[in-house]
Amino acid sequence: MPASRSPVTESATGIAVNLKGRVFDFKRFAVHDGPGIRTTVFLKGCPLSCAWCHNPEAIARGSQIFYRPERCIECLACVDACPTGAQAVIDDKRIFARGICDLSGDCVDVCNSGALEMSGRSMSVEEVMDAVRQDNSFYGQSGGGVTLSGGEPLLQAEFATALLRACHEEGIHTCVDTCGQLQWSTLEAVLPFTSMFLYDLKDTASENHRTNTGVLNERIIGNLKRLSETGVPIEVRMVIIPGVNDSDQQIEDAGRLLADLDNITGVRLLAYHRMAGSKYDALDMENTLPDVEPPGEVRLIAIGKQLETRGLTVYLPDRA
Amino acid sequence: MIASTGSAVRERTRDTFDDNRDAIFRRFKNVPYSPDTGVSADELQGMADAYLLEHADQPRILQKASIFRLVLTRGRIDIDPLDWFAEKIDHGDVLRKLTHGARGDQDFGPGLWLEEAAAGALKRGTDWFDQARDHGVTTGPRSGLDLGHISPGWDKLLARGLTGLLDDTAQARASLGDDITEDQAAFYNALEIVYGAAIDFASRLSVLAEKTAEVYADHAVNLLEIGSALSNVPANRPRTFHEALQFMWIMHELIEMEGENVRSMGQFDRTLYPFYRADIEAGRITEDHARELIKYFWHKWYCGTEGAANGKNFVFGGQAANGSENVNELTYLALDAYEELDTPDPKLSVRYLPDSPDRLYRRVADLIRKGHNSFVLMNDPPAVEALVKRGKTPEDARMYLPIGCYEPAVEGKEVACTMNVTVSLAKPIELALNDGLDARTGARLGPATGDAAGFTSYDEFHAAYITQLDYVLNNSHDNIAQAEREWPRINPAPFISGAIDDCIASGTDISAGGAHYNSVGFVGAGLANAADSLYAIKKTVFDEGRFTMAEIVEATRGDFAGREDMRLYLRNRVPKWGNHAAGVDEVAKGVADHFCSTVHSFTNGRGGGCQAALFTLVAAMSFGALSGATPDGRKAGESLAPGVGASYGLDTGGVTGLINSVTKLDFTETPNGSVLDVSLHPTAVAGEDGLHAFVSLIKTFFAQGGYAIQFNVLDADTLRDAQRHPEQYASLQVRVTGWSVYFTTLTRKEQDLYIARIAHAG
Ligand code: SF4
């Protein structure tokens with residue numbers, strides 16, 4: 001759903017503070033999404049549909065309703081509230097017929113158990129700023145700030161730009177965690193307000209990329225190259241999924257690509273995990289998570305070494 | 001080993017602390033006292049009983065001092081040939097049985113003189129406290145008399161030795177001349193008896209050490225060192241770092257034998273540094289040996305508690321009287337020793353100043369994330385200011401020691417009975433809803449404040465709550481003051497009194513208010529439940545009109561039976577304390593302000609003030625078990641919120657929101673301490689990024705005026721596995737509001753609560 005355009009109020013510096021976007025989560029005390037202590041703001045919508053996605057609620061642009069039957073106390077308040085009959089009892093069984101749901105959210109409003117939860121709230125720039133400002137002192141102390149993530153946060157381009165600009169004007173450090181599958185002009189628009197990019201590199205093999213994410217990787221890699229010429233610091237992030245994107249050749253290609261680029265602060269390896277399964281269930285989405293074990297430490301270190309031989313700085317997943 | 005620099009570096013025995021720790025532990029628990037060394041504990045008891053019969057008219061302080069001497073000069077003694085420190089005396093708790101009874105980890109009954117008072121002069125107050133305890137209104141020591149939170153003036157003791165205190169005594173007596181009262185004369189006589197006895201006792205141990213060295217030639221080095229040390233201390237100023245440690249350890253044991261619980265072992269890096277430094281400079285000690293000695297020394301505390309009961313506090317960092325920071329190389333050496341020791345006792349606190357070195361933050365944060373959960377991190381500016389506000393000089397306030405967990409007292413000048421009473425801030429909610437009656441038993445616990453179902457405004461309910469709370473506070477205060485006036489007849493304590501200003505100068509025992517500062521501690525527990533309940537009523541009944549007062553009263557009385565929908569609304573839909581939500585935070589601040597200012601309006605039975613604290617320790621569980629359902633959606637019997645933070649699982653705004661809420665409280669109004677418990681997932685603090693974030697989190701908490709903070713860095717899976725395989729996790733430490741304990745020693749219920757909290761942090 002694109003940012004809505006109801007009457008726009010501008011801040012003194014011209015930011016459309018009541019411009020609205022669709023936010024599905026805030027993560028406070030985020031410590032691995034850029035420098036220092038950060039608040040990560042998750043925006044809905046993504047142009048890719050990666051099989052290994054651990055935020056399946058991020059893919060669709062519109063709101064979605066999580067339903068977790070194990071929390072339901074069968075009070076039936078939602079059944080009374082539902083305007084379409086999607087929340088129902090059939091054969092003594094509480095069901096959520098998602099197909100006829102019109103996303104009114106009336107059921108969520110009356111569900112006190114937490115069984116029903118709206119993913120994706122419409123929030124204004126100012127509302128988001130209110131939320132992130134609360135932790136200003138933590139950012140100041142740690143050199144942290146705000147990270148926009150998703151989904152692909154720049155899919156809500158106008159909203160994301162206004163948000164980044166508002167942070168920038170208040171002196172809050174900003175990171176954008178992007179998949180790069182965008183028009184160059186979109187990236188260019190946020191550049192003045194973005195302190196650092198976190199750039200996902202999913203797979204250097206383009207066909208394989210399409211099989212697993214739905215798109216070829218040419219534009220992503222093209223944008224990365226172009227971004228690296230602008231001078232903005234970029235941390236590249238690679239989720240390592242055994243058997244999918246971690247062959248020696250794929251890593252070698254990634255190393256070669258990145259070694260040629262400027263302004264890459266480092267490559268952060270993230271270990272794939274399967275812990276998002278319950279989210280797929282709660283959205284009635286087909287669980288596409290590859291059935292492979294997370295990469296072992298030995299393998300991650302080997303990949304790190306391989307990249308380091310190209311002169312890249314590598315951050316391994318922190319072991320707890 | 002560093003080479004000798006001229007004078008003799010003592011040759012160490014070949015064995016290390018790690019070789020000996022288990023054997024020392026076993027012998028500590030089961031001491032093979034030799035009959036050659038003295039009379040048995042039973043015989044001592046008989047001699048003590050006979051003494052009391054023969055001297056029935058003597059002032060109690062002299063009765064006690066005389067029995068103290070009897071025990072130390074006649075009792076059996078022992079020295080472990082593997083150890084570097086000695087103290088063992090088979091005293092059979094003769095003195096504690098006489099005065100106020102067992103410590104937490106012992107199982108003999110209440111003390112004679114305390115029970116005499118409880119059944120006599122203090123009967124009314126004792127009955128009130130008993131009823132309050134049985135219904136989750138208050139908790140605390142018998143009759144409201146806290147005899148258990150004390151620290152001697154370690155600096156003064158080490159500087160003067162016991163002979164120095166005897167000199168002071170003679171001088172004070174002389175300067176009073178003919179004006180001396182009977183009480184003063186008895187006090188001075190008692191001091192001379194107990195310090196003389198302690199010096200004799202040290203000599204007995206010294207001789208035994210030398211004899212033992214002849215038998216255990218392999219351990220002659222350490223045994224002769226003990227022998228030499230005890231020929232000098234505690235009579236005189238220690239000549240070495242080892243002697244200083246031996247001095248402190250033997251004092252700890254003798255003060256506890258006399259009947260007080262030593263709850264702070266002082267400012268380690270300030271008090272001991274001169275001795276350590278002098279040894280290093282003279283080439284008498286190496287860093288390695290100093291670290292070994294610290295381990296032997298601290299192992300004693302572990303042997304005493306096994307990580308399962310109340311621990312003793314050593315504090316690091318902070319400032320001297322003139323405001324200069326205490327951190328030095330001994331600070332870091334001791335932290336290294338602590339890491340190697342890897343036990344939950346003793347408890348370490350670290351005091352921080354705004355400009356404390358980054359190394360101190362990083363070293364301690366790193367230890368915590370590695371699982372050394374015992375640390376309490378304290379913020380000096382509000383801690384000191386709070387004491388100044390209550391009448392201490394800035395120079396004295398800067399010399400505070402955390403007594404026990406977080407409750408500060410001025411070293412060597414204050415008898416701060418920090419835990420006379422812990423008051424449930426949540427129970428008055430139940431009483432206000434039930435016209436002063438207990439929801440479960442129907443017992444009348446508070447004044448009749450009216451049928452809450454008929455209340456027509458939030459202010460009316462709030463006023464009823466305050467009336468109920470004030471009733472508890474006033475009764476507690478009256479009864480504590482009464483009990484304190486009996487203290488000289490229950491547990492006079494000359495041995496420690498001489499180590500606290502101004503007892504010697506004024507000729508007055510601590511029990512009679514001889515200390516320079518005398519304070520009484522009121523601890524408020526369950527702030528979150530009180531604030532969340534008040535706010536839930538305000539919002540759902542009077543702002544939204546969603547529920548009626550009658551419904552709230554009925555549902556809480558019935559423990560929400562048939563009203564799960566309502567309970568879930570109250571729990572999940574109403575903003576909660578600890579999430580940086582303005583409305584409820586305002587209510588919490590109001591409750592805290594009222595509690596603190598009321599406590600501060602009281603004068604105690606020794607002429608000092610009463611001081612407020614906000615924390616819970618185990619009271620969160622014990623109060624919860626005895627409290628009915630509350631309008632915050634908490635069911636009857638469930639634990640109250642831990643510490644000063646949010647209810648279990650309800651700090652959904654994350655750790656930054658929790659800190660933002662909690663630091664809205666004015667901690668310069670909690671002179672008796674406070675603490676925030678924070679659970680962090682290990683991944684959040686892993687790696688260099690994580691350590692940086694961890695340190696920044698602590699610094700932000702301090703910069704915003706937070707008081708003290710403690711952490712658990714654990715994931716729920718580890719804990720669940722520990723429940724299934726306790727044998728594999730014997731050394732897993734967790735921190736439960738104040739005490740770092742072994743996880744496997746918790747009850748199943750406590751473990752489950754713990755896991756719920758940790759899972760939430762993940
Ligand atoms: S409102 Fe929530 S708890 Fe009640 S029946 Fe619907 S899903 Fe279940």
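**Close-up views of the domain and chain interfaces**

In this predicted model, the centres of domain 1 of chain B and domain 2 of chain B, taken over C-alpha atoms, are separated by 33 Å.

**View 1. Domain arrangement within chain B.** The domain assignment divides chain B into domain 1 (6–102 + 110–142 + 154–410) and domain 2 (414–675).

**View 2. Charged and polar pairs between the domains of chain B.** Five salt bridges are found across the interface of domain 1 of chain B and domain 2 of chain B. A salt bridge of chain B joins Lys392(B) to Glu414(B), with 2.7 Å between the closest N and O atoms. Residue pairs in polar contact between domain 1 and domain 2 of chain B number 25, with both partners at pLDDT 80 or more.

**View 3. The interface of chain A and chain B.** Chain A brings 23 residues to the contact, and chain B brings 28 residues. The area buried between chain A and chain B is about 2,100 Å², with 60% given by carbon and sulfur atoms. On the side of chain A, Phe29(A), Asn112(A) and Phe138(A) lose the most area to chain B, and together they account for 32% of what that side buries.

**View 4. Salt bridge and polar contacts between chain A and chain B.** One salt bridge is counted between chain A and chain B. Arg268(A) and Asp689(B) form a salt bridge in which the closest N and O atoms are 3.1 Å apart. Between chain A and chain B, 12 residue pairs are in polar contact, both residues of each being at pLDDT 80 or more.

**View 5. Elements on the side of chain A that touches chain B.** Strand S1 (20–30), helix H2 (106–110) and helix H4 (136–142) of chain A are the elements that give two or more residues to this side. H4(A) gives the most, with four residues. The residues of this side of chain A divide into nine nonpolar, eight polar and six charged.

Key: Residues numbered from 1 in each chain as written. Chains lettered and ligands numbered in written order. Predicted model: local features only at pLDDT ≥ 70, side-chain atom pairs only at ≥ 80, totals over all residues. Heavy atoms only, no water. Domains from an automatic or database assignment. Salt bridge = Lys/Arg side-chain N within 4 Å of Asp/Glu carboxyl O. Polar contact = N/O pair within 3.5 Å; in protein donor to acceptor, adjacent residues only side chain to side chain. Contact = heavy atoms within 4.5 Å. Buried area = accessible area lost by both parts, 1.4 Å probe. Nonpolar A, V, L, I, M, F, W, Y, C, P; charged D, E, K, R; others polar.
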